Amino acid sequence: MKGLADIKQAVRRVVDVVARASDAGGDQDPWITPRDGGGPVVETEHGPVRVVPARGAIPGTKQYPHIPPDPEVPGGGSGKRALERANLEFFPGIHTPAHPTRWEFPTSLDNPHCRWLQTLREMYAMPIAFPASLSPEAGLLVYALVRNIRPRTVIETGTFIGMSTIWIGAALAENGDGGVVHTFDDFGPIARGPWREVEMRSGRMKFVAGLIGAAGLNERVVIHPGNSSFEIRAAHEEFRAGGGVQLAFLDADHGITGCWQDFWAAEVVLNTGGFVLFHDTFPERCGGHMGGRTVLDEMNRKAVGVYEKVDMYLAPMNYGLGIIRRVG
């Protein structure tokens, strides 16, 4: 495998070729060559890259129009409606031939010099982590959102064993601006269930705290034991004093009442422009849990604020992630 210096040198050579071709003019780029049976490619010293040359005209016309025509919108837009999920052309299910029985931690994330990634690798290997924890793919998505949103204060409900807590806390640590995630859970026993043949009868808060410490995120995480909606309400004044909440990740009680209670408790201190994430939002994929789905579908009818929303697909099992942003 070539080193970074070799890759940089190769890129410089390609840039030189492009510059020379541009100076020479002509209709055909000299580095594009035909490939037997497979169309043209751009040849590089790392292998060919396929390319589709410009067509030069929209099919059925002689040339590109100066301004493409507007599409014909049914009923001027008033007659459009959203399709049911079952009727969508693209709505993934399980991305493996059979239902997974454990999490697969990506080898690309196995960085021996990163404490929080090594802690996550060990956690994903624990039988108790499957299937209730965020998948590694979903964790990467939440991590990326936190890195881009850059919240100062995050509320999380449903700590479970701390997987999502560490993804969020690690992103806050990488942001480097003092962000903290407040994670709420009753820290009761974890029972056996579908796809989980192990249990944890006691000591969960101590267990989670140990993992947070092992990940090096002591300064980025605060644990709040107890009923999440009540404990969030009890902390309203502290959240207000700190400038409010910019992100909430709600993944505790998946019943309709419990999910609404957690949301209403967090909404009081949620900044306009702030985000809320709901895990397990496709009941047909996540065991029939209706809480997150109901809140998303009824958000602007029952919430105090005004929200825009989007449903995200997750891998390898599409349990769903709802993302809303408060805009009023």
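How many salt bridges does the structure hold? The structure holds 15 salt bridges (a side-chain nitrogen of Lys or Arg within 4 Å of a carboxyl oxygen of Asp or Glu).

## Basis

This is a predicted model, in which local features need pLDDT of at least 70 and side-chain atom pairs count only at pLDDT 80 or more, while totals for chains, interfaces and linings use all residues. Residues are numbered from 1 along each chain as its sequence is written, and side-chain values use heavy atoms, with hydrogens and water left out.

## Salt bridges

Arg150 pairs with Asp177, with 3.6 Å between the closest N and O atoms. Arg150 is in the loop between H3 and strand E4 (153-157) and Asp177 in the loop between H4 and strand E5 (180-185), so the pair ties together parts 27 residues apart in sequence. Helices (H or I, at least four residues) and strands (E, at least two) are DSSP runs, numbered from the N terminus. Arg150 is partly exposed at 38% relative accessibility, and Asp177 is partly exposed at 39%. Buried means under 20% relative accessible area, exposed over 50%, and partly exposed in between (1.4 Å probe, protein chains only).

Arg204 forms a salt bridge with Asp185, the closest N and O atoms lying 2.9 Å apart. Arg204 belongs to helix H5 and Asp185 to strand E5, so this pair links parts 19 residues apart in sequence. Both Arg204 and Asp185 are buried.

Asp297 and Arg293 form a salt bridge at 3.1 Å, N to O. They are four residues apart in helix H9 (residues 291-302), separated by about one helical turn. Asp297 is partly exposed at 47%, whereas Arg293 is buried at 3%. Salt bridges with shared partners join Arg293, Asp297, Lys309 and Asp311 into one network.

## Nonpolar cores

A nonpolar core is a set of buried Ala, Val, Leu, Ile, Met, Phe, Trp, Tyr and Cys residues joined through side-chain atoms within 4.5 Å. The largest has 46 residues, and Trp116 and Leu120 have the most contacts inside it. Elements giving two or more residues to this core include H2, helix H3 (136-149) and helix H4 (163-175). H4 supplies the largest share, seven residues.

Beyond its neighbours within four places in sequence, Trp116 is in contact (heavy atoms within 4.5 Å) with residues including Tyr143, Trp167 and Leu217. A second, separate core of 23 residues includes Ala235, Cys259, Trp260 and Phe278.

## Contact of H2 with H5

Arg115, Thr119 and Met123 in H2 meet Leu211, Gly213 and Ala214 in H5.
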